[in-house]
Every structure is written in C-alpha cells, then in structure tokens.
Amino acid sequence: MMTRFPNRAQAPETPICVVEDDPTVLRAISWLLAAEGYDILGFSLPQEFLTHVSSNSVPLVVLDVWMEGMSGLEVQSRLRSISPTTKVIIMTANTDPATRSQAEAGGVAAFFVKPFDTDSFVQAIATMVGTQKAAKLM
C-alpha cells in the first residue's frame, strides 16, 4: 500500500520514496522526513514501489533490507535497470557485513543500521537531494 506524507511547509516537489514493510517504521521515517520539509511517498510493498518508479521520477529512495516477498537489495538491483539515476539509501537492523558489501556493490549512496542517529540520516538525505536543503539543516 502506498501512503503519501505531504510536505506542508513548501511547494510540492518530487517526493522521496520510503519502502518499509513495518508500518510503524514506515510512519516514523516518513513523518521524520516530512517534518524536515520533504514530500514523502511511503510503500509497504516493494513491488508497488517498483511499479511506481517505472512510470514516475524518483530522485531518492530509502529501502529496508528485510521485507516480505522481496528484499531491499533485490529492489536495489531491479531499480538500477528501471531508474539508474535514483539514489538509494539502505536501512537495516542486520549488521551482517555481507549485506553492507552487497549494497555497496550495487551503488548504495548511504547505509544505516537501525536504530540510527536521525540527525545523520536527515543530513544524508539533505546532501543527496541538494545543497539548498543541506544548508538549511546546518
């Protein structure tokens, strides 16, 4: 299911996507970023995100690794052929070095282990979407 978490502070922009099958984590990450002024589209099913990105511009996606039906690493791999310019942030509770290595080999822009420092996470988002928001956060 897709959920929109609109940015109410600014004019609409191309939304950042968050793909997470845990509804509590999906809401928390989405509201965190919406509070920072980003327009967010949340997806609880990886396949719904892939369908969305096949016909919509997505500058940045935040992917959980362990999801039912398809892992975030598999989504990352498929995304490279659908939308090679989309930047990917991976988040996971798994500290397995092989997971991080696979994500890095796939071109991940940032990798966060849950629970993570929200300030570092928001700064990574700001850096990836442009210096205008990055300057705002300093």
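Biologist: Is Phe116 buried or exposed?
Modeller: This is a predicted model. Phe116 has 18% relative accessibility, so it counts as buried, the cut-off being under 20%.
Biologist: Which ring does Phe121 form an aromatic pair with?
Modeller: Phe121 pairs with Phe116. The two centres are 4.8 Å apart with 35° between the planes, a tilted pair. Phe121 is at 0% relative accessibility and therefore counts as buried.
Biologist: And how are the rings of Phe112 and Phe116 arranged?
Modeller: Their centres lie 5.3 Å apart and the planes make an angle of 55°, so this pair is tilted. Phe112 counts as buried because its relative accessibility is 12%. Through ring pairs, Phe112, Phe116 and Phe121 are linked into a cluster.
Biologist: How many aromatic pairs does the count come to?
Modeller: Four.
Biologist: Phe121 is in α5, then. What else is buried there?
Modeller: Besides Phe121, the buried residues of α5 are Val122, Ala124, Ile125, Ala126 and Met128. The helix covers residues 118-129, and its 12 residues reach 17 Å from first C-alpha to last, close to the expected 16 Å.
Biologist: What follows α5?
Modeller: Gly130, with a positive phi near 135°.
Biologist: Switching to α1. Which residues are buried there?
Modeller: Leu26, Ile29, Ser30, Leu33 and Ala34. They sit on the same side of α1, because the arc they cover around the axis is only 130°. Thr24 and Ala35, on the other side, are exposed.
Biologist: What caps the N-terminal end of α1?
Modeller: Asp22 does, with a side-chain oxygen 2.9 Å from the backbone nitrogen of Thr24. After the helix comes Gly37, whose phi is positive, near 100°.
Biologist: Now the core. Which residues have the most contacts inside the largest nonpolar one?
Modeller: Phe49, Val61 and Ile90, in a core of 21 residues. Elements giving two or more residues to this core include β2 (16-19), α2 (46-53) and β5 (87-92).
Biologist: What does Phe49 touch?
Modeller: Leaving out residues up to four places away in sequence, Phe49 touches Cys17, Val19, Phe43, Val58, Val61, Val75 and Leu79.
Biologist: Which residues are in the other core?
Modeller: That core lies apart from the largest one and has 20 residues, among them Val18, Leu26, Ile40 and Met128. Of these, Leu26 is one of the buried residues of α1, and Met128 is one of those in α5.

Terms used
Residues are numbered from 1 along each chain as its sequence is written. This is a predicted model: local features need pLDDT of at least 70, side-chain atom pairs count only at pLDDT 80 or more; totals for chains, interfaces and linings use all residues. Side-chain values use heavy atoms; hydrogens and water are left out. Buried means under 20% relative accessible area, exposed over 50%, partly exposed in between (1.4 Å probe, protein chains only). Helices (H or I, at least four residues) and strands (E, at least two) are DSSP runs, numbered from the N terminus. The arc is that of the directions from the helix axis to the C-beta atoms. A polar contact is a pair of N or O atoms within 3.5 Å; within protein, one must be able to donate a hydrogen and the other to accept it, and residues adjacent in sequence count only if both atoms are side-chain atoms. The expected span of a helix is 1.5 Å times one less than its number of residues. A nonpolar core is a set of buried Ala, Val, Leu, Ile, Met, Phe, Trp, Tyr and Cys residues joined through side-chain atoms within 4.5 Å. Contact means heavy atoms within 4.5 Å. Rings of Phe, Tyr and Trp (its six-membered ring) pair if their centres lie within 6.5 Å; planes under 30 degrees apart count as stacked, over 60 as edge-to-face and the rest as tilted.
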